[in-house]
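Student: I would like a close look at one helix in this chain. Please take me through the helix itself, then its surroundings.

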Amino acid sequence: MEKILELISREVEEAFAANGYDRKYGRVTLSNRPDLCEYQCNGAMAAAKEYKCAPFVIADKVAESLSGNEMFASAESVKPGFLNLKLDAEYLAGYLRQMSVDEERLGCEKSQAPKTIMIDYGGPNVAKPLHVGHLRSAIIGESVKRIGRFMGHTMIGDVHLGDWGLQMGLIITELKERKPDLVYFQEDYEGAYPEDAPFTISELEEIYPTASAKSKEDENYKEAAMQATYELQHGRKGYQALLSHILNVSVSDLKRNYENLNVSFELWKGESDAQPFIPDMVQKMKDDGFAHMSEGALVVDVKEETDTKEIPPCMILKSDGASLYNTTDLATIVWRIRDYHPDEIIYVVDKRQELYFTQVFRCARKTGLVGPETELKFLGFGTMNGKDGKPFKTREGGVMRLEYLVNEINEEMYKKISDNHTVEEEEGRKTAKMVALSAIKYGDLSNQAAKDYIFDVERFTSFEGNTGPYILYTIVRIKSILKKYQEQKALPQGAKILAAHSGSEKALMLEISKFNSVMESAFADTAPHKVCAYIYDLANAFNHFYHETKILAEQDEGVQAGYICLLELTKRALEICIEVLGFDAPEKM
RNA sequence: GCACCCAUAGUUUAACGGAUAAAACACCAGAUUCCGGUUCUGGGGCUGGGGGUUCGAUUCCCUCUGGGUGUACCA
């Protein structure tokens with residue numbers, strides 16, 4: 001259904017036109033002075049110039065034309081030339097009734113031109129545990145994906161594993177030192193390799209750092225690792241079998257971890273999947289004359305006339321002929337285009353990589369890997385800082401494992417919940433987990449992605465203020481009222497949302513009516529924080545209404561039923577929003 | 001050196017070029033309560049400095065200051 005702002009604008013534009021002014025001046029915006037009005041139009045001031053006429057004269061005429069319009073309770077012109085509008089309560093109620101009909105989407109229409117959008121987020125390395133550096137990518141990417149999906153687009157999330165390069169050789173080398181008798185190391189072995197991996201995830205997580213440290217001290221060791229890497233990449237069977245064990249063990253652990261965050265991926269592709277595309281891609285770049293040698297390396301120039309800064313060429317091959325991150329990312333684009341024909345690829349990556357991705361994007365376009373019909377978008381996010389304003393660290397100063405961080409917050413939330421009231425252990429744990437996740441995600445998503453933010457556990461886990469738990473608390477409160485009502489009686493036939501009886505009820509209704517426009521702009525700007533800002537306002541509006549209104553004690557059955565319908569709608573709006581943010585509400589808390 | 005990003009209340013964050021810059025936490029005062037810890041009501045306080053464009057600037061342009069980041073063989 002049409003956005004309420006559009007409906008209002010059209011009416012006001014009509015009024016401008018009726019008085020002989022260009023209708024473009026009739027655009028209405030949300031009021032920034034809620035004490036004066038609900039919506040406003042500033043067009044008269046802009047029009048004053050064109051028509052050489054005092055702004056308030058124009059505003060007066062328009063207001064006159066709008067008087068008696070059933071959409072507005074009042075339309076008045078004010079001082080310099082503002083047009084202040086208040087919606088008619090019955091009209092507003094009608095709009096909400098229409099929203100209620102569509103329980104799934106609350107009248108928010110899917111995109112007219114659905115796109116296929118691939119979204120690259122996650123970026124974990126195999127054999128290495130997730131750490132807090134992976135948190136933002138996962139949270140933001142997942143939310144952007146869900147928002148896009150809600151708006152009717154085909155969203156394909158790809159985890160883009162770091163599964164290529166020296167790290168694999170290091171693991172194989174270390175494994176060989178520890179367990180030289182394994183069949184994987186017998187060059188002449190012909191049989192089938194065992195199905196079970198010769199290590200567990202915790203061994204794997206310990207092996208990698210150990211090997212990495214050794215290689216820095218011991219030249220021979222490093223040499224061996226490089227040799228193993230080379231042999232792996234050139235098809236040594238035993239090593240490839242090991243690689244798939246490493247991948248399997250690692251990926252199932254990663255999946256478990258991402259699941260805990262309510263994050264999932266459609267594709268579990270990795271850097272290794274791009275490797276087969278490299279030779280042809282490089283050859284074509286050479287043949288087409290885009291790639292040339294520079295300082296021993298193969299590069300593609302990506303400078304443009306309008307650049308204010310120096311953009312170094314995009315390197316395709318190192319001077320030793322080896323590929324690098326750029327190469328892999330370009331080759332990844334090759335199969336993404338080939339297999340999925342996306343209209344857009346979004347990269348949710350640390351913002352420090354912006355220059356690097358500028359190079360990759362330009363190179364991909366220039367060399368024809370990507371046509372003009374495909375948009376490449378860099379969604380850079382800022383650093384997650386500790387309370388001291390510096391990058392988040394453990395108390396000891398190391399990198400915090402994501403799992404530990406999440407557990408810590410779960411634990412804290414459990415304490416909080418069991419302090420408040422007695423709960424069953426199991427039930428309490430489950431609830432704590434849900435609330436904790438809302439705290440982490442909302443704390444992150446309520447900031448603009450591009451900005452650094454401070455991860456303040458105490459603030460994020462608070463049940464008051466602009467936090468995830470506060471939002472959940474509001475939803476739970478609504479659920480509880482609805483439940484009590486249902487226990488007493490059934491909703492009468494023909495129950496419907498009625499024109500607001502109070503200021504706080506109308507304020508709540510006005511918030512709800514913004515739903516579709518918020519979703520649209522959150523998607524257009526890839527900005528989950530707009531959804532956060534919205535549900536916070538919505539939750540506040542509801543709580544004000546709740547404080548002023550005796551819902552369950554209301555004597556008039558019709559009025560009460562209207563309240564219940566309004567609550568249902570509020571609940572749905574909140575639920576859809578937290579769903580796209582990537583967390584859920586419990587039944588109780 | 002060069003370039004990019006950021007700068008808003010004590011703190012963390014909002015605000016299509018519009019009116020008196022918003023909220024949360026913290027703080028202060030009053031009310032409330034078996035509680036100095038709960039809840040409610042009220043209050044103070046902000047656009048880094050200087051120019052410019054505009055009827056009108058937190059927003060756009062220039063400059064200065066302060067902070068962050070990046071600047072080809074890492075990812």
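Tutor: A caution to begin with: this is a predicted model. The helix to look at is α8, residues 219-233. It has 15 residues. From its first C-alpha to its last it reaches 21 Å, close to the 21 Å expected at 1.5 Å a residue.

Now sort its residues by burial. The buried ones are A224, A225, A228, T229 and L232. They cover an arc of only 140° around the axis, so they sit on the same side of α8. Turn to the face that points away from this buried side. There you find the exposed residues E219, N220 and E223.

What lies over the buried residues? The cover includes α6 (166-178), α7 (201-217) and α9 (237-260). Follow the chain just past the end of α8 and you reach G235. This glycine takes a positive phi of about 95°.

Next, the chain around the helix. Chain A holds 20 helices and 13 strands. Its C-alpha trace spans about 90 × 65 × 45 Å along the principal axes. Of its 589 residues, 41% count as buried. Take the contacts in chain A with a separation of 6 or more: residues 24 or more positions apart account for 72% of them.

The nonpolar cores come next. The largest has 121 residues. Within it, V62, V348 and C577 touch the most other members. Helix α20 (residues 557-581) gives the most to this core, with 13 residues. Look at C577 and set aside its neighbours within four places in sequence: C577 is in contact with V531, Y534 and I535. Another core, of 25 residues, lies apart from the largest one. Among its members are V126, V159, I207 and Y208.

For contrast with the helix, look at some strands. β3 (residues 72-78) and β4 run antiparallel, joined by six bridges. S74 stands opposite K86 in β4. The two strands form a hairpin with three residues between them. G81, in the turn, has a positive phi of about 160°. β4 (residues 82-87) also pairs with β2 (residues 39-41), in the antiparallel sense, over three bridges. In that pairing Y39 stands opposite L85.

Back to α8 to finish. Display A224, A225, A228, T229 and L232 as the buried set. Then display E219, N220 and E223 on the face turned away.

Conventions
Residues are numbered from 1 along each chain as its sequence is written. Chains are lettered from A and ligands numbered from 1 in the order in which they are written. This is a predicted model: local features need pLDDT of at least 70, side-chain atom pairs count only at pLDDT 80 or more; totals for chains, interfaces and linings use all residues. Helices (H or I, at least four residues) and strands (E, at least two) are DSSP runs, numbered from the N terminus. The expected span of a helix is 1.5 Å times one less than its number of residues. A residue is buried if 20 or more other C-beta atoms lie within 10 Å of its own, exposed if 12 or fewer, and partly exposed in between; C-beta atoms are placed from the backbone. The arc is that of the directions from the helix axis to the C-beta atoms. Two residues are in contact if their C-beta atoms, placed from the backbone, lie within 7 Å. Two strands pair if DSSP finds at least two bridges between them. A nonpolar core is a set of buried Ala, Val, Leu, Ile, Met, Phe, Trp, Tyr and Cys residues joined through C-beta atoms within 7 Å.
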